[in-house]
Each structure stands twice: as C-alpha cells, then as structure tokens.
Amino acid sequence: MEPADPSRQSALLSADARLLWHPYSSMTDPAPVRLVDSADGVRLHFADGSSAIDAMSSWWCMIHGYRNPVLDAALRDQVDRMSHVMFGGLTHAPAINLAERLVSITPDALQHVFFCDSGSVSIEVAVKLALQYQAARGRRSRTRLLTVRGGYHGDTFTPMSVCDPVTGMHSMFAGALREQVFAPRPPAGFDRAPDDPELLAWMGATEDLAARHTDEVAAIVVEPILQGAGGMYPYSPACLAFLRDVADRHGFLLILDEIATGFGRTGTLFAAEHAGVVPDVMCLGKALTGGYLSLAAVLCTSEVAYAVSSGPGRALMHGPTFMANPLACAVALASLNLLLAQDWASTVAGISAGLSRGLAPARDLPGVKDVRVLGAVGVVQLEAPADVPALTAAALRRGVWLRPFLDLVYTMPPYICTDAEIATIGEAVVGAVEEVVA
Ligand SMILES: *Cc1c(COP(=O)(O)O)cnc(C)c1O
C-alpha cells in the first residue's frame, strides 16, 4: 500500500495529541498512538505503510474481520433505506428482526429486548429493570447491587460502582459512587472439583454476605465464567450456578453481563451455558454488531418485564436518542446470521487449540506468572505490571497488534484468523514477553 505523506501523518498526529482524549489518557502527557489508514480482514494498515494482525479484534468486537463483504453489504442496504429514525412511536424491521433472532438464540426464558447505545448503558438499563422490578414487588429498600470482586462492567457511574474496587476507579470517585456489596472473587480457574475447599469457602462467604444484605440488594451483577477487563480471569461454572441459587433464595435478580463473553468467545454461544444458568436479565454488546457500530441489547424474562410494566410508572423508564439505531441493528443481524451459519464452535475450538500451543512456551519465561486459554481468549499473565508501550512496539515488530493492560498480555483474535495467523499471534506474544519482560 502507498504510505501517506509523512508530513501529513505528523500533522495529523500532532493535532490528535492537541485535540483528542484517548481511553484513560492524559492531555499533557499523551501516550503514543498509531495512525490507522484502513483495515481489512484481520489486518490493520498503518499510515506509514506497515500493517499488523489485530489480535485484539478492536477490543473484542471485530469477530468477522474488517470490511467483511456480508456486513458491508448489510450496512449499505440499510443506508439506502434509512440510517436512523427515532424509536419513540416508530419502529422498523431491523430492530424487530434482530430482537427475534436474539430471543431465538438465548435461553427460552429471555423474551424481551431493549436496544441501547453501548455496553455501559445496557448495564444502567439492566439495573433500572432490577430496581423497578423490586419496587413493583413492594421492595423499595432493595436498591443496592451484589457483585464479586475483580469485575468490569463499563465506565459510566452505575457500572463503575460494580467494577473491582481496587483496579476500578472507586478511590478516585469515592463519595460519588454508590457503595455496592462485594463478595470475594471466585477462586481462579475454570476447572475445579465440586468439593474443592476454596470453592466451598467462597460459597460460604458469599452466602453470608447475601444473607446480611437481603433487604437491600435488588440484583446480583456479574460477568459469567470469564472476568474480562478486570483481569481476563476464568472461574468455575459451579460459582455461577451458586450465584443463581443465591439470587433465587434471596429474591435478587441475576443480571449476567455477557458483553465480552457473548457470541462464542468462551467456546459456548453465551458463557452462562457452561453452567447451564439462565439469568433474569442479560446484557449483550461488543461483538453484537461484528464490531461495526456501537449497539447493546438488554434481554429479560417476562416475569421481570410484566412486573416492571405493572409497577410504579408502569413503564421501563429509559429511552435513548439512538435507541435501536437501524444501521446498527441491520449490521448486527447480518453478523449474527454469519456467525450462526458457520460451525463457529469448531472455529473457536481450533483457535483455542492454536493459542494453547502458541502460548505454551511463555510458561518457561522468567517474569511470567501464568498462561491460560479459554475459548478464543489467550492470556499471558506477568509477575509485574506490563510495560505497555514496549510490549506493543515489540509485538508490532512481529506483525501483531496487542494492547496489554494491568499485568496481562493477551489476545482475543478475530474468528476468521487462519491457523498460520493464530501461530503468528502466539509467536508475537511470546516473543514480545521474552524481549521486554524476561
Ligand atoms: C466492554 C465491557 C462493558 C462496557 O461496554 P462499553 O460498550 O464499552 O460501554 C461492560 N461489560 C463488560 C464485561 C465489558 O467487557
């Protein structure tokens, strides 16, 4: 590809540094950013003429790759009809068809869908559902949330309040954040025997906490099976099943945040399937649109929906401007159809095997604490916080885009990666860690 004019590139980058906030960024000491010119398939093409495999799927969204012809066509068709209409008093086929598809692929009990703009907002909506549900049941004192440590649910205030109190932003916003009820983190590891002592101790502590706060708690909110931005941390399906049981016994709703785990990422279509658990409310986002546009969905049971609709206000009190945006719904439906028309489970299992093979050599490197793979998620955990700029540069020299965080160098590759591309990602992760950390 033709590299862009270098003076034009540096003009853009200096304007970026002057004008733009990036995620968690400083305006006085901005971290380096790289100029992307275009992307296709699994590759990002940088303005300097170089390219790299996107091992992050653009923060876990771009499962079918960039410029996917099917998704591009769906978007173009929808542009030719309408890009947006308000959802108050109006409706459209893209929203209806997507809702039908989502209801058909999620557990039978989930029957109603609210579309909003982003994952964080979907958590806000899920919490409103829970508070309005409890109020409709005459339990107005139940306004707090119970969660486990180590979670991540987004950056607006309600999601922030249930993020991990240490790695989240609780101390920074202390006083402004609702104080929620935190159970210990479930013991690490997907595979644990049912009588594992750590598992039983965790269950005991969680039950005690739930019992102490029964009258205050409206809902349990957790990421099922794999905590994402809180640490790429898998836990046993038995813990999720236990949380379902706690919720039932104490009259809490169970809200499952499948924003990161949905659409096959952990090896099942939704992560809660590992535990056979059905939530009362489920949040979907990220890969929902194949990474094309911001869209999230909140699904709930009829019990919840009918209670909310008969309670104070007699309606779910939320309604964003871009609710059920037709472009986002159309591309989401195309993405879902594309995923479900293929043997995605074998694809994810193949990526899983490739990542297990590719990352295994990292186990022997100094400075590495753990190597783990679940579904199409591969993680190398370091003994110290990751040097993000150095690791990013080292991976790019090996043709791969990574974005480490905390003490984690990890990948969530697009599902369209070939075996060779998965091997390249593995080599880049191991090579970067060897070069920078060891
Ligand atoms: C990314 C994420 C969110 C927040 O979604 P946004 O679209 O960034 O607001 C919430 N929960 C989980 C588990 C996530 O991974």
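This is a predicted model: local features need pLDDT of at least 70, side-chain atom pairs count only at pLDDT 80 or more; totals for chains, interfaces and linings use all residues.

Modeller: Residues are numbered from 1 along each chain as its sequence is written, and side-chain values use heavy atoms, with hydrogens and water left out.

Biologist: Which side chain has a polar atom 2.5 Å from an oxygen atom of the ligand?

Modeller: A polar contact is a pair of N or O atoms within 3.5 Å. Ser-120 places a polar side-chain atom 2.6 Å from a ligand oxygen, and Asp-257 places one 2.6 Å from a ligand nitrogen. The 2.5 Å distance to an oxygen atom belongs to Lys-286.

Biologist: How much of the area that the ligand exposes alone does the protein bury?

Modeller: Accessible areas come from the Shrake-Rupley method with a 1.4 Å probe. Taken alone, the ligand exposes 380 Å², and the share buried by the protein is 82%.

Biologist: Against which elements do the buried residues of α9 pack?

Modeller: Buried means under 20% relative accessible area (1.4 Å probe, protein chains only). In helix α9 (residues 302-310), the buried residues are Ser-302, Val-304, Ala-305, Ala-307 and Val-308. Through contacts (heavy atoms within 4.5 Å), these residues pack against β4 (110-116), α5 (119-136), β10 (253-257) and β12 (296-301).

Biologist: Why does Ala-362 count as buried?

Modeller: Ala-362 lies in the loop between α11 (344-359) and β13 (368-374). Ala-362 touches Val-368, Val-371, Val-380 and Val-430, leaving aside residues up to four places away in sequence. Ala-362 counts as buried because its relative accessibility is 0%.

Terms used: A polar contact is a pair of N or O atoms within 3.5 Å; within protein, one must be able to donate a hydrogen and the other to accept it, and residues adjacent in sequence count only if both atoms are side-chain atoms. Buried means under 20% relative accessible area, exposed over 50%, partly exposed in between (1.4 Å probe, protein chains only). Helices (H or I, at least four residues) and strands (E, at least two) are DSSP runs, numbered from the N terminus.
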